[in-house]
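This report looks at a few local features of one protein model, beginning with a loop. Please keep the sequence and the 3D view at hand while reading.

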Amino acid sequence: MNDRRITIAKINTGIVIDHIPAGKAYLISQVLGLNALARETGDIIAIGINFESPSMGKKDIIKVENLSLSRDMLNVVSLIAPHATITRIADGKVIEKHKVEIPSVVGDIVICPDRFCVTNHEEVPGQFYIVDHEPLTLRCHYCESEFFGPLIKYKEKT
């Protein structure tokens, strides 16, 4: 371990997503649409990649000014980074900190890999059941396809 010390500026109000597996912060940012949010609001979004972590070896961090996470956004984070910690900050102080939990059902945030599934042809919102946490395995409500690993594709917000 070297003695590099890297910090990301504090935010006064917003959220910090910590303990993201190294290399997953950009995926979370894309799926949550954080780039578009930053363009729209002008708020600060800081993404840190490959920070030293005693528990994880390497980790990523995302800080977003003036954002609170909806249930769907929390579900996205929990699927991509199941050990992530969400910290809510207001007036420069931590007001809430908790670990994400993988839900038993997720909504229209994942794309069914079965090209014949109704969700890929009609305006039907996706719904997926969590079959297993390790490896993360999902089952489509409509076509009952089960999939995991690289077959899990998230709907990205632009």
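## A proline in a loop

Pro-135 is placed in the loop between strand 8 (128–133) and strand 9 (136–140), where strands are DSSP runs of E with at least two residues, helices are runs of H or I with at least four, and both are numbered from the N terminus. The peptide bond that leads from Glu-134 to Pro-135 is cis, with omega near -5°.

The model is predicted, and local features need pLDDT of at least 70, side-chain atom pairs count only at pLDDT 80 or more, and totals for chains, interfaces and linings use all residues. Residues are numbered from 1 along each chain as its sequence is written, and side-chain values use heavy atoms, with hydrogens and water left out.

## An asparagine with positive phi

Asn-50, which belongs to strand 2 (residues 45–53), has a positive phi of about 60° although it is not a glycine. Most residues other than glycine have a negative phi, and most peptide bonds are trans.

## Two packed helices

Helix 1 (residues 25–32) packs against helix 3 (residues 71–80) at an angle of about 155°, and their axes are 10 Å apart; axes are lines fitted to C-alpha atoms over the stretch in contact, and angles run from 0 to 180 degrees between N-to-C directions. Helix 1 is therefore roughly antiparallel to helix 3, a term for angles over 145 degrees, while under 35 counts as roughly parallel, 65 to 115 as roughly perpendicular and the rest as oblique.

In this contact (heavy atoms within 4.5 Å), helix 1 contributes Leu-27, Ile-28, Val-31 and Leu-32, and helix 3 contributes Met-73, Val-76, Val-77 and Ile-80.
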